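Trainee: I would like to go through this model with you. Could we look at it together?

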Number of protein chains: 2
Amino acid sequence: MFDFTATYTDQYQLAMAQVYFENGHKNHQSVFDYFFRKLPFEGGYAVFSGLQDLLEIIENLQFDEKDIAFLKKAGFNEGFLDYLKNFRFRGSIYSVKEGDIVFPTRPVLQIEANIIEAQIIETILLNLLNFQTLIATKASRMRLVAGDRHLLDFGLRRAQGPGGYYATRAAITGGFDGTSNVVAARNFDIPVSGTMAHSFVQSYDHELDAFRSFAKGRPDKCVLLVDTYNTLASGIPNVITVAKEMEEKGQKLFAVRLDSGDLAYFAKESRKLLDRAGLDYVKIAASNQLDEYVIKSLLEQQAPIDIFGVGTNLVTGNPDSALDGVYKLAESNGKPRIKISESLAKVTLPHKKQVFRIKNSNGQCVGADAIGLRSETQIEEMFHPFEPYKSMKLQDFKQEPLLHKVMHNGKSFLEKQSLKDIAAYSLSRLAELPIEYKRFNNPHIYKIGISEVLKEERDKLIKEYKQLS
Amino acid sequence: MFDFTATYTDQYQLAMAQVYFENGHKNHQSVFDYFFRKLPFEGGYAVFSGLQDLLEIIENLQFDEKDIAFLKKAGFNEGFLDYLKNFRFRGSIYSVKEGDIVFPTRPVLQIEANIIEAQIIETILLNLLNFQTLIATKASRMRLVAGDRHLLDFGLRRAQGPGGYYATRAAITGGFDGTSNVVAARNFDIPVSGTMAHSFVQSYDHELDAFRSFAKGRPDKCVLLVDTYNTLASGIPNVITVAKEMEEKGQKLFAVRLDSGDLAYFAKESRKLLDRAGLDYVKIAASNQLDEYVIKSLLEQQAPIDIFGVGTNLVTGNPDSALDGVYKLAESNGKPRIKISESLAKVTLPHKKQVFRIKNSNGQCVGADAIGLRSETQIEEMFHPFEPYKSMKLQDFKQEPLLHKVMHNGKSFLEKQSLKDIAAYSLSRLAELPIEYKRFNNPHIYKIGISEVLKEERDKLIKEYKQLS
């Protein structure tokens, strides 16, 4: 849908790039880590999303003529602009799989490229992955509480502009069943759903006429909106009339939708009226400011709701509007690099790395990831990176490497997966995670450890930098 | 940048449209109001933004071949699909001006079109206007507290995907001076700004080498990032060395940037060190999780910060992720319509309407808008719509009509304005608003009144609908 050009970036990437270019650093190889520091929603895990989109965009990223003309006007030098005219990303990317369960402060992606290419793609990488991972995580939380009930994305109208396009994709990754967003459904092959608006009912003189007309025109999967005037006094009775008329034609009304008032109360009362009329097959859909907490509460009250339509709180990740993902230098021109901070927890990890998920013999996660150098294939013992006295022997556990090479020399070799498959994969990964990491209140913290070699490398660098300053 | 096709909509718009089409309602004229119910950020006003983008998109909105093929697969009928192939929006739009100060529960736009066209554009209209108005309002709040200090948008990396593109535009509408977002700067003619990243400093063995190299390559408006290792022990001293070297070449360092730690403390200490070295012309820029409250607090502490770079909280509107704008039917096929609700405050207003801003002889807003029928050019007395005993005589006040026709027969006749002009207009409108509506805590509520004719029309309809249900 969207054409991204390479100016979908921050100005400082280009400012730094020009300096690198002029200083002859344009072939300096660099390694960057993408990771985030804090889980959203005070939750215990996140669902990684956005990789396939990102790789497709990076493969095709170029500066077009308008870009070059603009940058010229903005004062960039001719020699550098000539370089940008031929810009393509030719680096490598290692990544966890889309749909994987991820945790803070360990690499989710590692990017290896010359320093200019690595900087230019930073902004779009952060922009896409931070957002899709936020929304996939939000969707996953609703899937956790909704069981096998139907979850539909109705959010486009309240999405942050065209962010809504990727929000829909991420919602499916995280476990939603369908969307009202037609263009996203078209491009990502997502089941598309829709009911009717209040305006439809209002545009007729009588609610019953509106229902009849809609049922006639859209008899398949027909959903009638019952709260335009009075849900129990007019909406449901009119639905019953129409559903009976449909039965005479051999048709079955699919569902009613509640969009206001106390959803638990109205769902229960509507269910009673429908059942009493012999319409126990008519499902109840509910919408209106839903999120994982409201869905959980409705189901705890045994509200007989079969379908949840979720808008704003899904597609914007409300109350958390962003994942705080960052892109930090781990190697420059062959040398390991760290970023020092007053807080030890914010010191980054140097070198090309691998992240291992530690599992028991049943394939269940044991609550810790270990980070080593990429050259390490197995870690004997892992150390808490910020509390040196803690360590854990790993000989009795399986170690699953999470980072896989997905791009080489600017070409993706990710096998194109359907969103449905990614969502199924994500669900299978979530099943490996013990329940204490999935609860909403004070979830257990998924641990992190680093290998002895990485620990030594990092401590050496900290010492060097401390002497420098 | 983006190509929007007419499937950038909710499925139910198309489902309803097919029913209208088949029932021969496709020429039924409808009138819809766009308004919102609640001000964001617990604030006293909102800044309207997004109109120019919306009209451009609507003028060009069509279903392309991929759309038609997808809708065919999704089960829409051939006859209706033929209609969609020739779909263009041919209606009229009345709107407040971009940059205008707006308040809840009164029309910001009014759309007149046949019911199918009006429904199909609903989603994109809500999507764009809700988001840009949210962000312009957020930006305006920061402008209020920042005085004439420089405000820069650094948010693209944390934006909700491509929502960041329009966030930047809205930020400028609301009073920001520039952006790091290159493609938005390119397309909307916005001043573009950028400094350097920590990775730049890290990529050199010594901070001083990094600063020298950057100052050599980008001497104009050069900004050096001072907190990679130790702001006061190494960052500022190295800046002083480089700034002195620049002076010898007849150059002047523009600014330093602080991006972590206690910004008030580091700004003050950095200012002292710079001044002591004779570098009182070097400005101080600050970034890191800023919002209107942090900026206000920093300035109350007299932190000597000249430039604020704002990211996440600007471009996502955090903590409010969406404006709750809605699109409600006011007329259908010549008949006035309202939406009934249990709460009287949620009952909508019927008919084609005009909104008047009530002003005193000095051109200052008096704290109330009056809504009448479009045929009323002057309102004698306005009534509180939900508390019938309150009214206000208007003979001593000026009445400025806010809704202007901006589109006729699908063609926009909005004069294309620069964002700079829109921002200046917005600032002039904000100046007409008394200070009690601009404060952050419990701002005064901007009143609403309706004309006697509108009141009678609405009350008559309420009575009719109550009898119906």
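Trainee: How many residues of strand 1 (residues 29–35) of chain A are buried?

Mentor: Six of its seven residues are buried, and strand 1 of chain A is thus described as mostly covered. Buried means under 20% relative accessible area, exposed means over 50%, and partly exposed lies in between, with a 1.4 Å probe and protein chains only. Strands (E, at least two residues) and helices (H or I, at least four residues) are DSSP runs, numbered from the N terminus. Please note that this is a predicted model, in which local features need pLDDT of at least 70 and side-chain atom pairs count only at pLDDT 80 or more, while totals for chains, interfaces and linings use all residues. Residues are numbered from 1 along each chain as its sequence is written, chains are lettered from A and ligands numbered from 1 in the order in which they are written, and side-chain values use heavy atoms, with hydrogens and water left out.

Trainee: Which strands pair with strand 1 of chain A?

Mentor: Strand 5 (residues 109–114) of chain A pairs with strand 1 in the antiparallel sense over six bridges. Strand 12 (residues 326–332) of chain A also runs antiparallel to strand 1, joined to it by six bridges. Two strands count as paired if DSSP finds at least two bridges between them.

Trainee: Which residues stand opposite each other there?

Mentor: A:Phe32 stands opposite A:Ile111 in strand 5 of chain A, and A:Tyr34 stands opposite A:Tyr327 in strand 12 of chain A. In a regular strand, side chains alternate between the two faces of the sheet.

Trainee: What about strand 5 (residues 109–114) of chain B, is it buried or exposed?

Mentor: Strand 5 of chain B is mostly covered, with six of its six residues buried. Strand 1 (residues 29–35) of chain B pairs with strand 5 in the antiparallel sense over six bridges, and B:Val31 has B:Glu112 as its bridge partner. Strand 3 (residues 92–95) of chain B is also antiparallel to strand 5, over four bridges, with B:Ser95 opposite B:Leu109.

Trainee: Back to chain A. What is the strand order in the open sheet of six strands?

Mentor: The order is 7-6-11-10-9-8, with parallel pairing. Strand 7 (178–179) and strand 8 (223–225) of chain A stand at the edges with a single partner strand each, so one side of each has no neighbour in the sheet. Within this sheet, strand 6 (residues 150–153) and strand 11 (residues 307–310) of chain A pair in the parallel sense over four bridges. A:Leu152 stands opposite A:Gly309 in that pair.

Trainee: And helix 7 (residues 163–173) of chain A, how many of its residues are buried?

Mentor: Eleven of its eleven residues are buried, including A:Tyr165, A:Tyr166 and A:Arg169. Just after helix 7, A:Gly175 takes a positive phi of about 120 degrees.

Trainee: What are the overall figures for chain A?

Mentor: Chain A has 16 helices and 21 strands, and 63% of its 469 residues count as buried. Its C-alpha trace spans about 80 × 60 × 35 Å along the principal axes.

Trainee: Now the interface: how many residues of chain B are in contact with chain A?

Mentor: 102 residues of chain B are in contact with 102 residues of chain A, contact meaning heavy atoms within 4.5 Å. The two chains bury about 8500 Å² between them, 55% of it on carbon and sulfur atoms. Buried area is the accessible area (1.4 Å probe) that two parts lose on being put together, summed over both. In chain B, B:Arg157, B:Gln160 and B:Arg186 lose the most area to chain A, together 10% of what that side buries.

Trainee: What does B:Thr312 touch?

Mentor: Leaving out residues up to four places away in sequence, B:Thr312 touches A:Ser321, A:Ala322, B:Arg158, B:Gln289 and B:Gly317. B:Thr312 lies in helix 14 (residues 312–315) of chain B and is buried, with a relative accessible area of 13%.

Trainee: Lastly, where is B:Gly44?

Mentor: B:Gly44 is in the loop between strand 1 and strand 2 (46–47) of chain B. B:Gly44 is buried, with a relative accessible area of 5%. Not counting residues up to four places away in sequence, B:Gly44 touches B:Leu39, B:Phe103, B:Tyr437 and B:Pro443.
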